[in-house]
Structure formats: structure tokens, C-alpha cells
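Hello,

Here is the structure you asked to look through. Please open it first, and then read the notes below it.

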Amino acid sequence: MSANERLATPSSVAYPEQRKEFFAKRESALAIFSFMVFSFLYLPVGVLIVYSFNRDGVGGFPPKHLTLHWYAQLFSDGPIWDSVINSALVAAGAVVVALTVGLLAALALDRADFPGKSTFRRLVLLPLILPGIITGLSLLMFAVSLQFSRSLTLVFFGHGTALVSVATTELFAGLQKMERSQEEASLDLGATPWQTFWRITLPNLRLSLIAAGLLVFTLSMDEIAVTFFLIGSDNTLPLEIWARLRRGITPEINAISTLIFVVSVALILVWYRIRTRTTGSEVQELLERP
Amino acid sequence: MYSRAYKTILSAPPLLWVAVFLLLPYALMFAHSFWLVRDGLIIHQWNLQNYAKLFENHVYLVVLLRTMRIAAGVTLLSLSLGYPLAYYMSFHAGPRKELLYQLVIVPLWVSYLVRGYAWKTILGSEGVLNGFLQYLHLTREPVSFFLYSPFAVVLTLTHIYTPFVFLPLYASLEHIPRHLIEASHDLGASPRATFFRVILPLSLPGLLAGATFAFVLTLGDFLGPLLVGGPSSVMIANIVQSLFGTAYDWPLGAAISVCILVLTISLLFLTESLEKRWSFR
């Protein structure tokens with residue numbers, strides 16, 4: 001019997017009946033446990049959605065008298081929709097800033113060498129892991145020292161700064177996956193770096209840009225820790241909800257939360273589809289290496 | 001391949017943005033921590049009083065220790081939920097792997113506020129859980145200790161951070177070469193030995209990354225205690241938040257923020273160097 005054959009010997013020795021049984025038992029135990037973890041992850045959202053149709057408030061059991069009353073109330077609720085518009089404006093601005101700065105930062109990290117590059121990388125990615133309260137407060141102090149009052153504009157700068165890290169990570173991953181040969185060919189054939197950027201790099205990065213933009217938009221719409229300290233008299237949607245939580249809660253908040261959930265999931269599914277098409281499932285990378 | 005000018009054009013704007021909106025504000029926060037407040041005005045007089053206060057008044061230390069306890073609880077709980085889940089999905093889920101993976105991702109990006117609020121409606125004294133218990137005649141009176149307790153904060157934050165912990169764990173388990181596990185079995189190691197001597201050590205980098213995430217994010221959290229915690233679960237960031245609000249002592253708040261910042265960054269450095277040492281890749 002050659003060495004190779006010995007290595008390829010079926011695992012009858014390694015897996016006696018007893019052990020197979022053990023594996024089967026362990027697998028079903030793990031399956032049950034995993035199911036419970038999933039229930040834990042989804043239970044609160046499920047409860048939230050169910051009670052958005054409950055006539056008699058956000059608690060009690062079982063939910064009864066199902067009604068669309070809270071949704072009707074929500075759709076005629078002016079301040080909520082004003083805050084939605086505010087949030088959308090801030091998020092749109094944050095997307096522009098985060099994509100512009102993030103793209104340049106990703107390009108610099110991908111292909112330029114400069115002193116302090118690793119420090120720069122850490123700095124850009126810092127807001128990804130730093131508590132929002134620190135980012136928010138330091139920006140607040142900065143704004144106040146410039147006699148700049150709390151407002152949506154300030155919130156926009158806050159989101160832009162906090163989310164540049166997300167955009168940079170996304171776009172950097174996209175650049176790393178990109179074939180360099182086209183760009184090299186373009187440069188070799190006499191195109192300027194500027195032309196190469198617009199005609200080759202940017203179009204090739206299109207999907208990553210859309211994915212990063214969607215992600216930044218969603219995160220900005222949901223952002224609360226940074227916003228909390230920078231907001232003026234005009235609320236964003238999360239801050240409007242926050243203010244209402246203090247005044248007592250009704251299923252109307254469940255209704256808006258349900259809508260937020262549905263929209264986030266929709267955006268995330270689109271993002272995820274694009275993302276898996278461009279760079280593979282490397283969300284982990286984003287989280288693994290802050 | 002690219003000219004120096006091209007590279008400068010690339011790196012200058014992000015550097016500038018980071019300098020203006022990140023470095024400068026952090027520097028200002030650092031500066032604030034050495035100033036003081038008199039008669040409601042911030043006096044630019046350099047001193048160490050704020051830091052002295054942090055050491056003299058035990059409240060801060062007590063709250064910091066509580067915060068770390070809560071963070072440790074959240075970390076352990078998220079790991080004990082996330083690890084078996086990641087293990088199951090990596091080794092046993094088969095063709096359902098991709099679907100299950102996306103199912104973990106979805107809650108990750110769903111509004112923090114929405115999830116915190118959901119727990120509030122579940123745990124409240126007139127909440128869903130109490131309604132359920134009374135419906136089953138397990139309790140007659142509403143149980144009030146679910147909400148506004150450190151327990152509620154740990155539960156809510158565990159719910160929020162479990163997917164965060166899961167992702168790096170899953171990634172590291174997926175990266176383990178399967179032939180190493182087969183080799184371990186073939187060489188006669190028991191399943192237990194295989195787990196503790198092959199799988200667990202190889203998944204340490206992911207474990208560490210996940211734990212760091214949960215711990216650091218909890219350390220700076222102030223919304224959880226505001227939403228579902230009571231006075232007994234005030235965390236360090238809540239003190240900062242009140243110092244920047246009603247209590248109006250920005251310099252002291254800045255000093256605490258600097259401490260949080262230093263703590264966070266040293267934790268990140270520590271885990272990064274540990275991760276490098278434990279990494280077999």
C-alpha cells in the first residue's frame with residue numbers, strides 16, 4: 001500500500017459508529033441552539049410589527065382588535081414626515097461626502113505611498129469602532145469653538161465624517177478586487193491618469209460605489225449616537241422618535257419602526273446583492289479589521 | 001505607475017478632511033479636558049483638576065467598573081450565542097449556509113433605536129412579556145423588574161451586538177482548512193480534543209475580534225441605558241452625556257471622554273497584537 005493510498009483510507013477507523021452517533025447528537029443540539037439564537041434575534045422585531053396593528057397599545061397579550069388605525073395616524077402625522085425629509089437630506093449629503101472622500105482615501109490607500117500611511121488608515125477607520133458619543137461630542141466642541149450652532153448642517157458633517165470610514169472600507173475592498181490590467185493598458189496607451197480615472201477606474205468601480213452609497217444612506221438614516229449631540233431644532237427621524245419615546249409610547253411608533261425595518265431590509269437586500277456580485281461576501285473583512 | 005502629482009491629488013483631500021473633521025475635534029476635546037468651568041463659562045486655563053476629580057470622587061470609578069461589568073456580560077453572552085451559531089453554520093448548515101448568513105446580517109443593519117424600542121415594549125411592566133405571563137397565569141401582578149435594570153441593558157445590547165460578534169467568528173471558522181480537522185480525527189483525537197486543540201485555537205482571531213467589538217461598543221454606549229436601563233444601570237457614557245447637557249461641565253465630560261478614548265484605543269492595540277500572535281495565516 002503506497003503512502004498516498006494509506007492517506008486516502010476511508011475514515012472507517014477514524015469514525016467508529018459511536019463517534020458518528022456523537023456527531024449526529026451534537027449536530028442536532030447545535031441546530032436547536034441556532035434556531036433559538038435566530039428566534040432571539042428576530043423576536044423583538046416580530047413583536048414590534050405585530051403590535052403595530054394592535055388597537056390597545058404596545059403591550060398586553062395576546063394582541064387583539066387588529067387595526068390599521070396607527071398607520072393612518074402615522075400617515076397624517078406632519079412632524080414625522082418632516083423629520084423623514086430632514087433625515088433623507090442629511091443622508092443624501094452624507095452619501096456624497098462619504099463617497100467622495102472615501103473614494104479618494106481608498107485610492108490613496110490602494111496605490112499611493114506616503115509617510116504615515118498606516119496612521120492615516122487607522123484614523124480614517126477610527127469612527128467605525130469608536131463610540132458615536134466621542135465622534136459626536138468632539139465635533140460639537142469643534143463647531144462651538146467656530147461659533148457654529150447646532151443644526152442639520154452640523155449633523156451632516158458629523159454623518160459624513162463618521163461614515164467616511166464605512167465608504168472607505170467598502171471601496172477599498174472593491175479596488176483590491178479590481179483587475180489592474182485595464183488601467184495599466186490605458187496608461188501605456190497614452191491616456192492621462194485623469195482620463196484613466198474617469199474612463200476605466202470609475203466605471204469599473206460602479207457597483208462598489210452604489211453598494212457603498214446604499215450602505216452609507218441606510219446607516220445615516222438610522223444614526224442616533226452622533227446626531228444626538230449635533231441636532232438643532234429640526235429633528236431627524238430617529239431623534240423625532242426618540243423625543244416621542246419620552247412623551248409616552250403608542251403603536252404609532254411601532255408603525256413607523258415597522259416601516260423603517262421594511263425599508264432598511266429592502267435597501268440592505270439590494271446592497272447585499274450588489275456586494276456579493278462585486279466583492280464576494282467580505283462583509284466580515286469590514287468588521288474584522290476596523 | 002502613477003506620478004507623484006496624481007498621488008498627491010488622491011491623498012490630499014482625504015487627509016485634509018480627516019485632519020479638519022477628525023483630528024482637530026479630537027485635539028479640541030483633549031484640550032477641553034484640561035480647562036475648567038466657572039460661572040457657566042469655559043475658562044481656558046490649563047490645569048489637571050478634571051482628572052483629579054475623576055480619581056477623588058468614587059462615583060466615576062464605580063460607574064466605570066459597572067460599565068465594564070456590563071460590557072463583559074454583553075461580550076460573554078454574545079460570544080456564547082454567536083460561537084455555537086457560527087460553528088453550526090460553518091460546519092453543519094450545508095446548502096442553507098448562504099440563506100442563514102443573510103438572516104444574521106439583516107438585523108445587523110436594522111436601526112439600533114428600533115431594536116431598543118422593541119425591547120422596551122416587551123419588557124415593560126405593561127409590556128408584552130408581562131401580558132404573556134399573566135395570560136398563562138404564571139404571574140398575577142405585572143413584574144416590574146424586567147425593564148429599567150442592568151439586566152435589560154445587557155439583554156438589549158446582547159441582542160444588538162450578537163450579529164457583530166458572529167461575523168468575524170464565522171469568517172475565522174470558514175477559514176479553517178478542513179483537512180486539518182480530518183487529520184485530527186484520523187490521528188485519533190476525540191471530537192472534544194479536536195475542538196479544543198484544533199478548531200478553537202484556529203478561531204481565536206475571530207473570537208478576539210468579535211469580543212473586542214462587543215466590549216468596545218458597549219463601553220461607549222449611552223442609548224441602551226437611556227432606553228431600557230434605570231438609575232441602577234447608568235453607564236460611563238451617560239455621565240458624559242449629562243455633563244454635556246444639563247450638568248454643563250464640558251471640561252469634565254471631555255476628561256471622561258478622553259479616558260474612554262484611551263481605554264478603547266489601548267484595547268484595540270492589545271487585541272490587534274494578540275491577534276497577530278495567534279494568527280496562523
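**Helix 11 and helix 12 of chain B**

In helix 11 of chain B, the residues Ile236(B), Ile239(B), Val240(B) and Leu243(B) meet Trp250(B), Leu252(B), Gly253(B), Ile256(B), Ser257(B) and Ile260(B) of helix 12 of chain B. Sorted by type, the residues of this contact are eight nonpolar, two polar and no charged. Please keep in mind that the model is predicted.

Helix 11 covers residues 236-243 of chain B and helix 12 covers residues 250-278. Their axes are 8 Å apart, and the helices pack at an angle of about 155°. Helix 11 of chain B is therefore roughly antiparallel to helix 12 of chain B, since angles over 145 degrees are counted that way. The crossing of helix 11 of chain B with helix 12 of chain B is left-handed.

**Two tyrosines in loops of chain B**

The loop between helix 11 and helix 12 of chain B holds Tyr248(B). Phi of Tyr248(B) is near 40°, which is a positive value in a residue other than glycine. Tyr148(B) also has a positive phi, near 55°, and is likewise a residue other than glycine. Tyr148(B) lies in the loop between helix 6 (128-135) and helix 7 (150-175) of chain B.

Which of these is buried and which is partly exposed? Tyr148(B) has 21 other C-beta atoms within 10 Å, so it is buried, as 20 or more are needed for that. Tyr248(B) has 13 other C-beta atoms within 10 Å and is therefore partly exposed.

**Chain A and its helices**

The secondary structure of chain A consists of 14 helices and zero strands. Of the 290 residues in chain A, 45% are buried. Among the contacts in chain A with a separation of 6 or more, 80% are between residues 24 or more positions apart.

One pair to look at is helix 4 (residues 78-111) and helix 10 (residues 206-222) of chain A, whose axes come within 8 Å and cross at roughly 140°. That angle is why helix 4 of chain A is oblique to helix 10 of chain A. The crossing of helix 4 of chain A and helix 10 of chain A is right-handed. On the helix 4 side of chain A, the contact is made by residues including Ser87(A), Ala94(A), Ala98(A) and Gly102(A). On the helix 10 side of chain A, the residues include Leu209(A), Gly213(A), Val216(A) and Phe217(A). The residues of this contact of helix 4 of chain A with helix 10 of chain A are eleven nonpolar, four polar and no charged.

**The nonpolar core**

Which residues touch the most other members of the largest nonpolar core? This core has 160 residues, and those that touch the most other members are Ala94(A), Ala98(A), Leu163(A), Ala167(A), Val216(A), Ala86(B) and Ala152(B). Helix 4 of chain A gives the most to this core, with 16 residues. Leaving out residues up to four places away in sequence, Ala152(B) touches Trp119(B), Leu123(B), Phe146(B), Leu147(B), Val228(B) and Gly229(B).

**Where the chains meet**

The contact between the chains takes 76 residues from chain A and 78 residues from chain B. On the side of chain A that touches chain B, helix 2 (residues 17-51) of chain A supplies the largest share, 17 residues. By type, the residues of this side of chain A are 59 nonpolar, eleven polar and six charged.

Regards

Note on methods. Residues numbered from 1 in each chain as written. Chains lettered and ligands numbered in written order. Predicted model: local features only at pLDDT ≥ 70, side-chain atom pairs only at ≥ 80, totals over all residues. Contact = placed C-beta atoms within 7 Å. Helix = DSSP H or I, 4+ residues; strand = E, 2+ residues; numbered from the N terminus. Nonpolar A, V, L, I, M, F, W, Y, C, P; charged D, E, K, R; others polar. Axes fitted to C-alpha atoms, helices over the stretch in contact; angles between N-to-C directions. Parallel < 35°, antiparallel > 145°, perpendicular 65-115°, else oblique. Left-handed = near helix turned anticlockwise from the far one by under 90°. Core = buried A, V, L, I, M, F, W, Y, C linked by C-beta atoms within 7 Å. Buried ≥ 20, exposed ≤ 12 C-beta atoms within 10 Å, placed from the backbone.
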